[in-house]
Amino acid sequence: MTDVKMHVLVCGGTGCMSSKSQEIIDNFRRCLEERRMDQEVKVIVSGCFGFCEKGPIVKIAPDNTFYVQVTPEDVEEIVEEHIVKGRKVPRLLYVDPKTSEHISDSKHMDFYKKQMRVALRNCGFIDPENIDEYIARDGYMALGTILETLTPAEVIDKVKSSGLRGRGGGGFPTGLKWEFASRYSSEQGKYVICNADEGDPGAFMDRSILEGDPHSIVEAMSICGYAIGADKGLVYIRAEYPLAVKRLRGAIESARSTGLLGKNILGSEFSFDIDIRYGAGAFVCGEETALIHSMEGERGEPTSKPPFPAEKGFWGKPSNVNNVETFANVPAIFLKGPDWFSSIGTEKSPGTKVFALAGKVNNVGLVEVPMGTTLREVIFDIGGGIRGGKRFKAVQTGGPSGGCLTEQDLDTPIDFDNLLAAGSMMGSGGMIVMDETDCMPAVAKFYLEFTVEESCGKCTPCRVGNKRLLEILEKITEGKGTPEDLKTLKDLSGVIKDTSLCGLGQTAPNPILSTLDKFWDEYVAHVEERRCPSGKCRKLISYRIDPDLCRGCTMCARKCPADAISGSIKEIHVIDQDRCVKCGACMDTCKFGAISKI
Amino acid sequence: MSTIKSLDELKKIRAQMKSATELREKGQEIEKLVQVKVSMGTCGIVAGARETLDGLMEEVTSRGIDNVVFTQTGCMGYCHSEPTVEITLPGQDPVVFGDVSGNRISEIVERYIVEGELVDGVIPVAYKTIHE
């Protein structure tokens, strides 16, 4: 046992870092030094704990106290009370919204109860910048054991029998993909490529894994290299992820300096090294052929498959592309065995899946659950239900390529096939929750704006077709749509899906099709009644002052940014509809509830 | 760190590094561990609580007991019997021992932490706190 008696883990993920966690870390170090306790209390900058809603998070070990929404000013009190005197600081503990009780241990929080962390096993637990901590958690043991005891073919068999499927979206069996790549000869080189070009709006699981546990990716890529006979690995990562890039680069360097990357790893015949390639953050570059072109310095445009990258990939050489989360599962499969892995989750989708839970849900954050957990469990048990007591309306899964699911789908056990059957998809795991105030045509418009912006423009259906779809959605949300527009939306969507060159175009109309299918009435209300049932589309709503309730306090008129409200003190006020910009400021200001939205 | 040349070496390093994350791993199952809290108010420190804490840790380490975690705490109010130590065995109520120094250190480790039998010098808990 060392002299260290306590560990203070401060979240160093991008989310918490942007709410001053660096200052919290500095304050802890300073406070502990002042009290000459810096030798016995260790401050550790960890990866993401997942509970981003309540960040910055500070966890204290060994008593497992979980402090939420900590500010730099709170540090003094935590040190004085908790670390010196052994008393918890109740005001910084998580309060259960249902029971109003303080919960000091993350194990007892609803947010964590149903989670199972496989890909995120080390996130929020180890210091991602310290290779020793990764080794202490069995890091590189899977690689070491494989090099000593298994042939490449046996490695592939084990991945196959674990049933792991690609977590980037498609769900293709990983072992099979490795097997394809292993078949091609590698005399002029073969590559293992890690796809860290996470582009779905609202998704941040890959970033968090790279920030919180970068060595797991280095180790998994090496395992893949051994299995398929490659000696070179490349991580394609978007440059907008500076912290992930920094931690990954650090991990590669420390692995290299300890001989875990490079020539003759752990005394074996196997040599492997990893380089980083930066992307500029284009959605389509997540598609493997576009990603490879981008790495070669070409425009990040996809080409049709076959040939698959397994045959002709980077520089025309056989290449295997897997996403970050897929790789993160690999060392765990070898540490615990393929049977263990396949016993988790559902029959056809074994293992767990990380979701980036966002939108109108109480607990926004990173959530890892066994496949087969229902949407209801994720949104209501882990996510804590809908924000502000509003009603659940829909959940969008799979990013722009996915679709919206409704109340009827809530009890669907989440896995690749069930989500597809329900009319959406797994995608990379973005999960955006919507409430009754969200307008579905406007949601579809939001996703179309994204895909139109991100289309590479190479093929006409995607470049022109999606633009037309967006224009129609704009007409509808402005109250200028016609019933024919709804038909055109449907027909054109089908054509774009059938004729686009790559996955981006083939899936771009999905948000429209799924909302048309499930929220048809809402579209009809927009085009036939010129009405937005959720009160979201500005052009279709108006604010009115109820003369019976107005007291003439002048508050609304003073707040109105467009000078659209007239009336003098103690007289009934009126909104000039032509000048009104529909910001709703008047309604928020009125103390008498006299203003309503219709 | 120098280069790791074999799986055996990696295993050795893992064993050495285990202690780096040990506290955190233990923390996940804190209710299954023996928790030892040493009172470190001014009175405690003057009475030798620091030596007591070091002695307890040494005793536990030398016996190879690995399910004990140590914390320090402020004055528990039993200034008359410093150094005082509160020990919580898994699933049991905390027990406070007074005058823990010298031979009593090994006696408490041997008889209470290992065997689970009470030793003389237990201070009855005389108050309630708002956290109960």
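Which residue forms a salt bridge with A:Lys487? In this predicted model, the partner is A:Asp491, and the closest N and O atoms of the pair are 2.8 Å apart. Both residues belong to helix H19 (residues 483–499) of chain A; because they are four residues apart there, about one helical turn separates them. A:Lys487 is exposed, at 54% relative accessibility, while A:Asp491 is partly exposed, with a relative accessible area of 41%.

## Other charged pairs in chain A

Over all chains, the structure holds 49 salt bridges. Side chains of opposite charge can pair when their charged atoms come close. One of these bridges joins A:Glu377 to A:Lys114, with 3.1 Å between the closest N and O atoms. This pair links distant parts of the chain, 263 residues apart: A:Glu377 sits in helix H15 (residues 375–382) of chain A, and A:Lys114 in the loop between helix H4 (110–113) and helix H5 (131–136) of chain A. A:Glu377 is partly exposed, its relative accessible area being 24%. A:Lys114 is also partly exposed, with a value of 34%.

Salt bridges also link four residues of chain A in a network: A:Lys177, A:Glu287, A:Glu288 and A:Lys305.

In soluble globular proteins, nonpolar side chains tend to be buried together. Here the largest nonpolar core has 74 residues, and A:Tyr140 and A:Trp178 have the most contacts inside it. Helix H10 (residues 214–228) of chain A contributes nine residues, the most to this core. The core lies between domain 2 (131–341) and domain 3 (352–435) of chain A, because both domains give residues to it.

What does A:Trp178 touch, not counting residues up to four places away in sequence? Its contacts include A:Ile223, A:Cys224, A:Ala227 and A:Ile228. Also among them are A:Val155, A:Ile156 and A:Val159, as well as A:Asn320, A:Asn322, A:Phe327 and A:Val330.

## The interface of chain B and chain A

The size of an interface is often given as the accessible area lost when the parts come together. Between chain B and chain A, the buried area is about 3500 Å², and carbon and sulfur atoms give 61% of that. Three residues, B:Leu7, B:Leu23 and B:Arg24, supply 21% of the area that chain B buries against chain A, more than any other three residues. The contact involves 43 residues of chain A and 38 residues of chain B.

Five salt bridges and nine residue pairs in polar contact are found across this interface. Which elements of chain B each supply at least two residues of the side that touches chain A? They are H1, helix H3 (49–62) and strand S2 (68–73) of chain B. H1 of chain B gives the most to that side, with 15 residues.

One salt bridge between the chains is formed by A:Glu133 and B:Arg24, whose closest N and O atoms are 2.7 Å apart. A:Glu133 lies in helix H5 of chain A and B:Arg24 in helix H1 (residues 7–27) of chain B, so the pair joins two chains. Are A:Glu133 and B:Arg24 buried or exposed? Both are buried. Another salt bridge has the side chains of A:Asp138 and B:Lys18 meeting at 3.9 Å, N to O.

## Backbone details

Two cis peptide bonds can be pointed out. One runs from A:Ala61 to A:Pro62, with omega near 10°. A:Pro62 is in the loop between strand S3 (58–61) and strand S4 (65–67) of chain A. In chain B, the peptide bond from B:Glu82 to B:Pro83 is cis, with omega near -10°, and B:Pro83 is in the loop between S2 and strand S3 (85–88) of that chain.

A:Tyr140, which is not a glycine, has a phi of about 65°. This tyrosine is in the loop between H5 and helix H6 (141–149) of chain A and counts as buried, at 0% relative accessibility. A:Arg530, likewise a residue other than glycine, has phi near 55°. A:Arg530 is in the loop between helix H22 (520–528) and strand S16 (543–545) of chain A and is partly exposed, at 42% relative accessibility.

Key. Residues are numbered from 1 along each chain as its sequence is written. Chains are lettered from A and ligands numbered from 1 in the order in which they are written. This is a predicted model: local features need pLDDT of at least 70, side-chain atom pairs count only at pLDDT 80 or more; totals for chains, interfaces and linings use all residues. Side-chain values use heavy atoms; hydrogens and water are left out. A nonpolar core is a set of buried Ala, Val, Leu, Ile, Met, Phe, Trp, Tyr and Cys residues joined through side-chain atoms within 4.5 Å. Buried means under 20% relative accessible area, exposed over 50%, partly exposed in between (1.4 Å probe, protein chains only). Domain bounds come from an automatic or database domain assignment. Contact means heavy atoms within 4.5 Å. Buried area is the accessible area (1.4 Å probe) that two parts lose on being put together, summed over both. A polar contact is a pair of N or O atoms within 3.5 Å; within protein, one must be able to donate a hydrogen and the other to accept it, and residues adjacent in sequence count only if both atoms are side-chain atoms.
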